[in-house]
Amino acid sequence: MKTWISYLAATALGLAATLLFGESGIFQQVMYTITALFVQLGGFVLIPLVFFGFSSGIASLRKDSKGGVFARTTLLWSVFSTLLLVLSSALVFRFFPSYFPASTSAGSDASTLSIIAPQSLSTLFESMLPVNPFYTLANAESFLLPVLVTALVFGYFLKPNVEVIRPAYVTMNSLSETMFRLARAYSTTGHFFLFFASSYWFSHLQMEGTIFVAGRFLLMLITATLSVILVVLPLLFGLVTRFRVNPYVVIYRMLAPAAAGLFSGSIFFSSPITISLSRHNLGCQKRVSATAIPLYTLIGRGGSAMIATLSILSLLYAATQSMPADKVILFVALASALFAYASPLYLGYEVFFISTIALQFLKIDLYGAEMTLIALMPILNGLGILVDSYIAAFGSAYTCQRLGVLTESSYRDIL
């Protein structure tokens with residue numbers, strides 16, 4: 001069974017299980033515990049996959065003198081997709097504004113923010129700079145930057161331009177292929193993991209209940225998400241590829257990592273699936289899948305920025321009881337885009353982090369009203385990661401197309 005079908009089936013089963021047992025506290029606790037374990041499993045697969053794949057991929061790109069094209073296309077897609085998505089969300093709010101609903105975490109002590117988000121911009125930038133990437137490699141289960149820095153160093157000097165280096169290059173490439181086999185197995189069995197993640201997601205929303213009495217806010221989120229997935233990203237992808245690749249094939253063939261991102265709220269859980277399926281379902285070269293997608297876990301966070309923009313504007317609308325000025329809407333969108341690049345520091349809370357640090361940067365004091373975001377993190381962060389997964393998929397396909405190495409995968413051959 002194809003992954004896009006099996007993952008949707010697992011989602012339906014998760015919803016059915018929630019409707020039957022969702023009110024049980026034991027059910028919710030079991031689903032949460034198992035989901036947390038599977039998210040950790042995603043990191044277990046992702047970190048060695050990125051280290052070996054990124055190293056061999058960088059070496060291969062350098063060997064064929066493709067590093068410049070790779071860097072340009074990756075940065076171009078990251079910047080333009082992030083800006084376009086936050087501006088699109090600002091337009092959605094401008095013409096379809098909604099108050100942010102009061103959740104069960106509203107009124108919580110704002111001092112707990114230090115656990116999730118930095119209290120100053122200086123501490124934020126200090127935490128982004130690993131002093132010793134080899135030392136911090138051991139703590140990379142919460143941040144991929146040390147892994148990427150270390151792998152970049154290895155990959156740069158792994159270029160097989162002399163005979164003595166060639167055996168090391170071949171070995172690293174073989175290890176990369178081994179990790180891709182592991183990622184493929186993880187992807188084809190991921191629907192089993194998704195059942196538990198979706199069950200917890202639905203049961204949490206059922207227990208919270210806030211979203212069901214805030215129809216306009218929910219409609220705004222869904223409208224913005226569907227708009228960027230079905231219109232904005234395909235249009236941008238079509239423009240940069242000169243409409244030589246069908247973007248809607250990318251959308252349905254990458255439903256599996258998108259669903260994994262939505263229900264887990266973790267880019268670590270969904271990224272191994274994105275890396276594997278971009279190769280098998282989109283026809284991307286291994287070296288591009290193994291390099292571009294890990295980079296997008298850091299710099300391709302336009303989806304999280306988009307949801308943060310809507311959240312901040314909705315909070316302002318609710319706090320002031322008046323529509324924010326167009327200038328304020330624009331500044332909020334741009335601030336969200338800026339701080340999205342630091343959001344991977346706070347996995348699972350990217351939207352909350354972007355919202356909090358953007359408010360600090362813009363000197364907007366909501367007197368702790370941002371705490372109401374916490375209870376809705378599963379849906380807010382989930383929607384952000386869903387869009388981020390598609391950004392990575394479209395970005396890797398764009399890079400391959402510009403490199404001239406994108407191959408067409410028949411439906412029969414896709415996972």
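Five helices each supply at least two residues to the lining of the second largest pocket: helix H1 (3-21), H9, helix H10 (215-240), H12 and H18. The model shown here is a predicted one. Of these helices, H10 gives the largest share of the lining of the second largest pocket, with six residues. The space in the second largest pocket comes to about 570 Å³. It is lined by 27 residues, and those closest to its centre are Trp201, Leu262, Phe263, Leu383 and Leu386. Sorted by class, the lining of the second largest pocket has 23 nonpolar residues, four polar residues and no charged ones.

The largest pocket has a volume of about 860 Å³. Its lining counts 29 residues, and Tyr32, Ser264, Leu347, Gly348 and Tyr349 lie nearest its centre. Which helices supply at least two residues each to the lining of the largest pocket? They are helix H2 (25-63), helix H9 (190-208), helix H12 (255-264) and H18. H2 provides the largest share of the lining of the largest pocket, eight residues. By class, the lining of the largest pocket has 18 nonpolar, ten polar and one charged residues.

Rolling a probe the size of a water molecule over the atoms shows where empty space is left. In this structure there are two cavities of 30 Å³ or more. The largest cavity holds about 40 Å³ of space. Its lining is made of Ile267, Ser270, Ser271, Thr274, Ile293, Tyr296, Thr297, Asp388, Ser389 and Ala392. At least two of the lining residues of the largest cavity come from each of helix H13 (267-280), helix H14 (286-299) and helix H18 (377-403). H13 gives the most to this lining, four residues. The lining of the largest cavity divides into four nonpolar, five polar and one charged residues.

Aromatic rings also connect parts of the chain. A pair of aromatic rings is described by the distance of the centres and the angle of the planes. The count for this structure comes to 27 aromatic pairs. In one of them, the ring centres of Trp77 and Phe394 are 6.4 Å apart and the planes stand at 45°, so the pair is tilted. Trp77 lies in helix H3 (residues 67-95) and Phe394 in helix H18, so this pair ties together parts that are 317 residues apart in sequence. Trp77 and Phe394 are both buried. Another aromatic pair, Phe93 and Tyr317, is edge-to-face, with 6.0 Å from centre to centre and 90° between the planes. This pair, too, links distant parts of the chain: Phe93 is in helix H3 and Tyr317 in helix H15 (residues 302-320), 224 residues apart. Phe93 and Tyr317 are both buried. Ring pairs also join Phe38, Tyr186, Phe192, Phe193, Phe195, Phe196 and Phe269 into a cluster.

How many disulfides does a search of the whole structure find? The search finds zero. A disulfide needs two cysteine sulfur atoms within 2.5 Å. The cysteine sulfur closest to that of Cys284 belongs to Cys400, and the two are 3.8 Å apart, so they are too far from each other for a bond. Cys284 has 4% relative accessibility and therefore counts as buried. Cys400 is buried as well, with a relative accessible area of 0%.

Helix H7 gives a plain example of helix length. H7 covers residues 145-157, which is 13 residues, and spans 19 Å from its first C-alpha to its last, close to the 18 Å expected at 1.5 Å a residue. An α-helix has 3.6 residues a turn, so residues three or four places apart point the same way. The buried residues of H7 are Pro146, Val147, Leu148, Thr150, Ala151 and Gly155.

The last stop is a loop. Arg242 lies in the loop between H10 and helix H11 (247-253), and its phi is near 60°, a positive value in a residue other than glycine. Phe243 is found in the loop between H10 and H11. Although Phe243 is not a glycine, it has a positive phi of about 55°. Is Phe243 buried or exposed? Phe243 is exposed, because its relative accessible area is 57%.

How values were computed
Residues are numbered from 1 along each chain as its sequence is written. This is a predicted model: local features need pLDDT of at least 70, side-chain atom pairs count only at pLDDT 80 or more; totals for chains, interfaces and linings use all residues. Side-chain values use heavy atoms; hydrogens and water are left out. The expected span of a helix is 1.5 Å times one less than its number of residues. Buried means under 20% relative accessible area, exposed over 50%, partly exposed in between (1.4 Å probe, protein chains only). On a 1 Å grid over the protein atoms alone, a cavity is a set of points where a 1.4 Å probe fits but cannot get out, and a pocket is an open set with protein on both sides within 12 Å along at least five of seven lines; lining residues have an atom within 4 Å of a point. Grid points are joined across faces, edges and corners, and a volume is the space filled by probe spheres set on the points. Ala, Val, Leu, Ile, Met, Phe, Trp, Tyr, Cys and Pro count as nonpolar, Asp, Glu, Lys and Arg as charged, and the others, Gly among them, as polar. Rings of Phe, Tyr and Trp (its six-membered ring) pair if their centres lie within 6.5 Å; planes under 30 degrees apart count as stacked, over 60 as edge-to-face and the rest as tilted.
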